[in-house]
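Colleague: Could you take a close look at one part of this model with me? I'd like to go through the ligand site.

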Amino acid sequence: MCGIIGYIGLKQAFPYLVGGLEQLEYRGYDSAGIALCADELRIQKAVGKLSEISFEAGEGTIGIAHTRWATHGKVSIENAHPHTDCGNEIAIVHNGIVENYRELKACLIENGHTFRSETDSETIAHLIEEFMKRGFEFEDAFRNALRLLEGSYTILAIRKGERKLLGARKGSRSLCIGIAADGIFPSSDVLAFLEWTDKVIYLRSGDVFVADDNQTVRIYNMAEGRAVTRPVDCITCSTEDAKKCGFDHFMLKELSEQDETVLRAIQQEEEGVRSICDTMRHAFGTFFIGCGSSYHACLAGSYIFSKIAKVHVNTVLASEFEHYEDFLTDNTLVLAISQSGETADVLDAVNAAKRRGSTVVGIVNREGSILTRESDALLMMNSGLELCVLSTKTYTSQVVLMAMLAYALADKYEEGLKKLGGLYLDIFNLTSRSMRDYLEQLAELLYDKDHIYLIGRELQYATALEAALKIKEVSYIHAEAFAGGELKHGPLALIEEGTPCIVFVAAENKAKILSNAEEIKSRGGYIIGVAPEREAIFDFWIKVPEAEELNPIIQIIPMQVLAYELAVLRGLDPDKPRNLAKSVTVS
Ligand code: F6R
């Protein structure tokens with residue numbers, strides 16, 4: 001949620017820090033700040049979007065910077081990072097929550113410390129100061145402070161007069177270090193330094209590092225109590241992925257890439273896929289877990305598994321998974337699905353599964369993310385960077401990968417790959433200019449509505465849920481999905497003259513869902529059909545090909561386009577919906 005970047009090296013830190021913050025903007029934030037270390041420590045903080053903030057260039061070859069997404073304390077300059085100690089000599093940036101900050105703060109105040117913000121994070125700067133007051137060197141004071149912190153975190157710290165940048169990572173927060181010829185870039189996200197280097201060290205939980213201006217990085221693991229070495233990896237995503245490439249928004253660019261990303265998702269090592277299937281065959285209970293869109297992909301996946309492989313899986317929201325812990329054994333399989341590989345609820349669920357000895361298979365997009373390292377086996381989505389806060393291309397890739405596993409489980413791997421690869425042209429057509437123009441007409445009919453309802457059955461129910469999420473998060477129109485069969489159990493009360501209802505039709509359950517549409521129509525509802533054929537009941541028809549068990553991959557695409565057009569018509573930024581962040585690293 002928060003973004004962190006630091007620099008220590010031979011050049012001026014300021015341009016790198018500002019450039020890094022710009023790259024982190026996609027994660028969503030409400031304030032930002034920079035600390036530069038020359039003879040003095042110089043801090044600048046501001047509230048708002050980076051495009052509205054102008055930091056003054058300053059001297060210094062060491063610095064840290066932060067974009068904040070408020071959790072503890074309102075959005076304000078005082079609460080923005082970096083935070084400093086009483087003497088304004090130590091500056092820290094922090095992502096995470098100091099769970100025991102109230103006790104620590106009370107103790108520090110008793111010892112004479114004065115706090116300026118309402119944040120939990122400020123405690124860290126004062127703790128380091130307190131240990132230094134007691135005679136510890138900066139490095140040791142930092143480590144001692146870490147020992148007192150409860151919760152997971154990423155922290156960077158600098159101090160006036162020290163030619164060092166310190167950092168640490170624990171639990172579900174990520175921290176990586178970009179290594180370039182003229183500097184070192186610790187950050188919460190490779191994207192922050194991708195323009196300057198493709199060499200990266202991914203730190204593990206409990207790692208503390210010290211970088212100095214001789215370009216050396218020393219790493220110590222607190223849990224192991226010893227110095228450790230971590231490999232230097234090469235980043236494979238390209239800087240092109242981080243550019244809009246002529247599109248007005250990342251959302252449009254990313255949803256338009258799906259013809260290719262679907263093909264990239266199926267490029268997997270067959271052996272790896274088969275070995276996951278073997279584990280699944282022998283597992284006593286399989287859980288698909290995820291949050292938001294990734295959860296909807298799990299739900300679509302569970303229907304696909306029933307249909308293709310005749311296998312039952314449990315789908316559980318990662319945030320609800322703790323209630324299922326008692327049913328986990330060392331023979332349970334947990335398939336954890338996450339674009340970012342950083343979502344705290346998913347990582348907490350994975351840790352719970354690992355504590356019980358269950359096997360964890362990750363389906364992840366971001367290379368180097370925590371979930372890639374916590375999983376026993378892994379399928380990468382290969383979608384490239386997704387920078388719009390909304391997931392579009394990664395949603396379809398998730399469903400593709402689950403369908404691929406289901407085909408493999410049913411011994412129909414080759415046939416499945418052919419079917420999945422064959423979606424290419426249909427997806428291309430669904431994101432074409434003419435389709436967008438057509439959906440813009442629909443958006444014009446809907447953009448001033450207060451409510452949109454969506455219905456579907458089985459696979460199409462998962463699509464209805466995902467489409468409703470897309471519409472609400474980007475256009476702020478209330479959109480709610482129901483299983484067709486549930487209408488009479490309550491939702492029909494919401495239908496009035498002209499209420500727009502999107503109905504997802506598939507050959508298999510056409511009669512039933514059209515009869516549900518009839519229930520809505522007879523109460524005055526305006527019916528928008530997403531279907532292979534025009535039906536008399538439709539007031540508006542979105543033509544999609546019939547893709548049977550792969551319908552969730554096809555039918556969601558016009559809904560992503562519609563959500564995009566609604567946001568644009570309502571004058572909203574589709575890439576950065578209010579109150580939302582790309583990586584949800586708090587549970
Ligand atoms: C919706 C969306 C979110 C994410 C959710 C999980 O468009 O993007 O609902 O799907 O926050 O994120 P990941 O997949 O990174 O775990």
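Which domains give residues to the shell around the ligand, and where does the ligand lie as a result?

Modeller: Happy to, and please keep in mind that this is a predicted model. The shell draws residues from both domain 2 (245–422) and domain 3 (427–572), so the ligand lies between them. Two helices stand out here: helix 8 (292–309) and helix 15 (459–475) each supply at least two residues of that shell. In total, 14 residues surround the ligand, and the closest are Ser-294, Ser-338, Ser-340, Thr-343 and Glu-473.

Starting with the backbone, a polar backbone atom of Gln-339 is 2.7 Å from an oxygen atom of the ligand. Val-389 also takes part through its backbone, with an N or O atom 3.4 Å from a ligand oxygen. From a side chain, Lys-470 places a polar atom 2.9 Å from an oxygen atom of the ligand. As for cover, the ligand taken alone exposes 410 Å², and the protein buries 90% of that.

While you have helix 8 on screen, follow the chain onward to Lys-310, in the loop between helix 8 and strand 17 (314–317). Lys-310 is not a glycine, yet its phi is positive, about 55°. That is worth a glance because most residues other than glycine have a negative phi, and most peptide bonds are trans. On the peptide-bond side, His-81 and Pro-82 are joined by a cis bond, with omega about 0°. Pro-82 belongs to the loop between strand 4 (62–68) and strand 5 (83–84).

Technical notes
Residues numbered from 1 in each chain as written. Predicted model: local features only at pLDDT ≥ 70, side-chain atom pairs only at ≥ 80, totals over all residues. Heavy atoms only, no water. Near = heavy atom within 4 Å. Polar contact = N/O pair within 3.5 Å; in protein donor to acceptor, adjacent residues only side chain to side chain. Areas by Shrake-Rupley, 256 points an atom, 1.4 Å probe, with all protein chains shown as cover. Helix = DSSP H or I, 4+ residues; strand = E, 2+ residues; numbered from the N terminus. Domains from an automatic or database assignment.
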